[in-house]
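User: I am new to this structure and would like a close look at a single part of it. Please take me through that part slowly, and then show me what else can be said about the model.

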Amino acid sequence: MSMATHNSAMGCMLTAILYVYVVSVAVSGRVLPLHPYLNGDEKPISNIFDTSNYGILQLNNGLARTPQMGWNSWNFFACDINETVIKETADALISTGLAKLGYIYVNIDDCWSDLVRDSKGQLVPDSKTFPSGINYLADYVHSKGLKLGIYSDAGAFTCQVRPGSLFHESDDAERFASWGVDYLKYDNCFNLGIEPEKRYPPMRDALNATGRSIFYSICEWGVHDPALWAGKVGNSWRTTDDIKDSWARSITSYVGLTLIVLIMTTIADLNDKWAAYAGPGGWNVGNGGMTYQEYRAHFSIWALMKAPLLIGCDVRNMTAETFEILSNEEVISVNQDPLGVQGRKVYAYGPNGCYQVWAGPLSGQRLAVILWNRCSKTGSITAKWSALGLESSISVSIRDLWKHEYISQDSVGSFSAGVDAHACEMYILTPLTETQPAS
Ligand code: GAL
């Protein structure tokens with residue numbers, strides 16, 4: 001997610017076995033946060049504990065046990081990239097402390113390669129912008145404890161008309177591995193009309209055959225509902241088109257042609273649909289960008305949805321506000337929680353449903369809850385236990401993840417907060433037991 005004027009961010013889940021384990025732990029204790037919703041006075045619009053589609057043959061290459069974190073060049077730099085930008089970005093991830101917080105992937109997007117393959121049919125880096133080669137960059141970022149990502153396309157060309165990897169999967173995967181690449185974003189342009197379900201698996205197999213651990217990030221823009229099939233193919237799959245750095249949906253009409261621009265709030269809603277499919281080993285992916293409060297909401301919702309946290313701004317020149325948002329360890333810990341269940345919208349009311357409660361279970365029988373005000377005026381938003389799937393008598397402590405303090409030690413039934421327009425508040429609710437008071 002990018003925070004300054006350009007952004008990107010993003011996706012999550014849990015195996016069926018783990019889910020059963022969590023239920024049994026909950027039942028054996030006094031605290032029963034898992035509620036069937038059947039008798040709630042306000043039935044939630046989504047069951048935050050629905051993991052029925054989890055673990056359907058996830059790609060088990062050991063990667064993506066939690067959403068990937070790092071940086072991607074596209075949203076801020078587009079084609080204006082070179083090896084100096086990549087090296088300086090790696091340096092900045094270290095010097096700002098972001099790498100220590102988990103942002104370790106330095107991902108080069110489109111435009112790194114020459115316009116044509118070499119005489120042996122191999123991909124080569126653009127000699128003007130990447131004169132030292134990709135191997136050199138991989139060594140550089142590895143020497144700092146970071147990982148290097150690269151980009152290609154499951155088509156004849158990339159979106160910026162560099163050579164694509166369709167029908168060159170083995171050669172290209174071997175190249176990437178020999179260079180020491182750790183991550184591949186695989187795009188969908190110039191796809192010759194062949195279904196993504198046919199074009200994406202060959203690169204999975206080619207990467208696997210190299211013997212190197214390479215994170216496989218599928219970017220087919222959500223066109224064939226990748227949540228339904230991509231878990232077997234990649235470590236993450238983007239569920240939508242590119243995000244724009246804007247809050248609300250904008251629709252621009254040009255003489256008979258309507259262009260729908262996807263903005264942060266729409267992407268959150270689109271990705272919400274796929275909550276039951278994400279999980280360790282595979283993450284839904286979106287993108288983002290806005291005012292301080294809007295960015296904070298963006299980061300909070302992306303973290304809750306277990307989206308990959310891929311920074312899309314120029315980390316060498318971040319504002320203090322951007323850094324404050326990106327470095328909130330409590331919000332990051334929700335994103336990286338080992339339970340890996342994607343949070344979702346559980347309740348919406350008010351004009352056009354603009355007062356919203358989003359929630360998702362965390363390890364330790366805790367719940368992450370976001371009160372999100374998508375209205376244009378400040379308002380008070382209430383989260384009722386019935387909407388959260390908590391039994392009405394359960395007592396919880398409530399920690400505010402942006403204020404970094406407990407706002408209650410023993411709330412029962414519901415809690416409310418005033419939330420500014422377009423802002424959100426984010427909390428962790430920890431059910432109390434007689435023997436385990438929240439500390
Ligand atoms: C688009 C993709 C973007 C970026 C761009 C590069 O298809 O959605 O995220 O990778 O191509 O040309």
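Analyst: Once its neighbours within four places in sequence are set aside, Thr378 is in contact with Tyr355, Asn373, Val419, Asp420 and Ala421. In this predicted model, Thr378 sits in the loop that runs between β13 (366–373) and β14 (379–384). Thr378 counts as exposed because its relative accessibility is 55%, and the cut-off for exposed is over 50%. Thr378 and Gly418 are separated by 40 residues in sequence, and yet their C-alpha atoms are 7.0 Å apart in space.

Lys345, by contrast, is a buried residue, with a relative accessible area of 14%, and it belongs to strand β11, which spans residues 344–349. The side chain of Lys345 is joined to that of Asp269 by a polar contact of 3.1 Å.

In α5, which covers residues 169–179, the buried residues are Glu169, Asp172, Ala173, Phe176, Ala177 and Trp179. These residues lie on the same side of α5, because they cover an arc of only 165° around the axis. What they pack against is a set of helices and strands, namely α4 (133–143), β3 (147–153), β4 (183–187), α6 (196–199) and α7 (201–210). After α5 comes Gly180, which has a positive phi, near 90°.

The model also holds a ligand, and the residues around it are Trp74, Asp109, Asp110, Tyr151, Cys159, Gln160, Lys185, Asp187, Cys219, Trp221, Arg238 and Asp242. Sorted by class, this shell is made up of six charged residues, five nonpolar residues and one polar residue. For three of these residues a distance to the ligand can be given: a polar side-chain atom of Asp109 is 2.6 Å from an oxygen atom of the ligand, a polar side-chain atom of Asp187 is 2.8 Å from a ligand oxygen atom, and a polar side-chain atom of Gln160 is 3.2 Å from an oxygen atom of the ligand. The ligand taken alone exposes 310 Å², and the protein buries 94% of that area.

To return to the part we began with, Thr378 is a loop residue between β13 and β14, exposed at 55% relative accessibility, and its contacts beyond its neighbours in sequence include Tyr355 and Val419.

Definitions and conventions. Residues numbered from 1 in each chain as written. Predicted model: local features only at pLDDT ≥ 70, side-chain atom pairs only at ≥ 80, totals over all residues. Heavy atoms only, no water. Near = heavy atom within 4 Å. Polar contact = N/O pair within 3.5 Å; in protein donor to acceptor, adjacent residues only side chain to side chain. Areas by Shrake-Rupley, 256 points an atom, 1.4 Å probe, with all protein chains shown as cover. Nonpolar A, V, L, I, M, F, W, Y, C, P; charged D, E, K, R; others polar. Buried < 20%, exposed > 50% of the residue type's maximum accessible area, 1.4 Å probe, protein only. Helix = DSSP H or I, 4+ residues; strand = E, 2+ residues; numbered from the N terminus. Arc of directions from axis to C-beta. Contact = heavy atoms within 4.5 Å.
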